[in-house]
Amino acid sequence: MSLELRNAHSVLAALHARPDDVEEVRLPPRPAGLWRTIADLARESGAPTRPASAPGDRRDSSPKQGREGAACAIVAPRAPAPIDALLARPAGGPHGLWLALDSIQDPRNVGAIFRSAAFFGVRGVVLGEHRAAGLTAVAYDTASGGIERVPFAVETNLRRALSAAKDAGLWILGTSEHAAQPLADVPRDRDWLLVVGGEERGLRRLTLEACDAVCAIPSPPAAGAGEPAAVRSLNVSVATGVALAILSGLGG
């Protein structure tokens, strides 16, 4: 099913990365800013364009996917990569980072993680299918182009994908707020695949058992007596961004 993308950054990224998959661009009456750039690039690449329908216009019969607005693009989903290709390590290069998502259910979190992954140069993302959000239009728009820039694989069995990562020479680093090892103490001399877990329960037991190490982002000391309790955990997309910011300095 085609995606209806409304974030100008996600539309522009799709036009740059795979213009043949852009089925139609619906432009505002007087395109300006990024939409002006999108209009020019769409015409250069041969992507069909037409004026956008006003929100609620009955002439526009395309699925809205729960969102309203005018300007948008209709884009085919990006194809996933084979897991072996995703996990391949360039010979002689610096150490790299990969990501795996275990049962993350909010497409906005998935999109935000892809945006951070693109920013920090993650080499690939493994998506598990079990109890997980797919790469919906909401995820693409939240990623603001990140899904176009980071290769990904979709695996029905995440545990098997982690085993494949180990066979490819990667080390598996789990995340848990209950882990004793701080993220800053992770060894710097290897390629890591960072695994982050779902919003409610974190990593599943079988996923934790597949990890070579499990780390936590240390939180500040608890509030003193009489003070309100501090927030003791982070949203998964925020935690992933913090972890990538720390781990991205591990390359040799």
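How much space lies in the largest pocket? The answer is about 760 Å³. The legends below refer to a predicted model, in which local features need pLDDT of at least 70 and side-chain atom pairs count only at pLDDT 80 or more, while totals for chains, interfaces and linings use all residues. Residues are numbered from 1 along each chain as its sequence is written, and side-chain values use heavy atoms, with hydrogens and water left out.

**View 1. The largest pocket and its lining.** A pocket is an open set of points on a 1 Å grid over the protein atoms alone, with protein on both sides within 12 Å along at least five of seven lines; lining residues have an atom within 4 Å of a point. Volume here is the space filled by probe spheres set on the points, and grid points are joined across faces, edges and corners. The lining has 30 residues, and Ser176, Glu177, Ser233, Leu234 and Ala239 lie nearest the centre of the pocket. Two or more lining residues come from each of strand E10 (192–197), strand E11 (213–216) and helix H9 (236–247). Helices (H or I, at least four residues) and strands (E, at least two) are DSSP runs numbered from the N terminus. H9 gives the most, with 4 residues. By class, the lining has 15 nonpolar, 10 polar and 5 charged residues. Ala, Val, Leu, Ile, Met, Phe, Trp, Tyr, Cys and Pro count as nonpolar, Asp, Glu, Lys and Arg as charged, and the others, Gly among them, as polar.

**View 2. Helix H9 against helix H4.** The axes of H4 (residues 107–119) and H9 come within 8 Å and cross at roughly 15°. Axes are lines fitted to C-alpha atoms, for helices over the stretch in contact, with angles from 0 to 180 degrees between N-to-C directions. H4 and H9 are therefore roughly parallel to each other (angles under 35 degrees). Their crossing is right-handed, the near helix being turned clockwise from the far one by less than a right angle. On H4, the contact (heavy atoms within 4.5 Å) is made by Asn109, Ala112, Ile113, Ser116 and Ala117, and on H9 by Val236, Ser237, Thr240, Gly241 and Leu244. This contact has 5 nonpolar, 5 polar and no charged residues.

**View 3. Helix H1 against helix H2.** The axes of H1 (residues 8–17) and H2 (residues 34–45) come within 10 Å and cross at roughly 25°. That makes H1 roughly parallel to H2. The crossing is left-handed, with the near helix turned anticlockwise. H1 contributes Ala8, His9, Val11, Leu12, Leu15 and His16 to the contact, and H2 contributes Leu34, Trp35, Thr37, Ile38, Leu41, Ala42 and Ser45. These residues divide into 9 nonpolar, 4 polar and no charged.

**View 4. The largest cavity.** The structure holds 2 cavities of 30 Å³ or more, a cavity being a set of points where a 1.4 Å probe fits but cannot get out. The largest has a volume of about 40 Å³. Leu101, Ile104, Val110, Leu127, Gly128, Ala132 and Ala133 line this cavity, and they divide into 6 nonpolar, 1 polar and no charged.

**View 5. The second largest cavity.** Its volume is about 30 Å³. The lining is made of Asp102, Ser103, Gly128, Glu129, His130, Glu155, Thr156, Leu158 and Arg204. By class, this lining has 1 nonpolar, 4 polar and 4 charged residues.

Notes. Angles under 35 degrees count as roughly parallel, over 145 as roughly antiparallel, 65 to 115 as roughly perpendicular and the rest as oblique.
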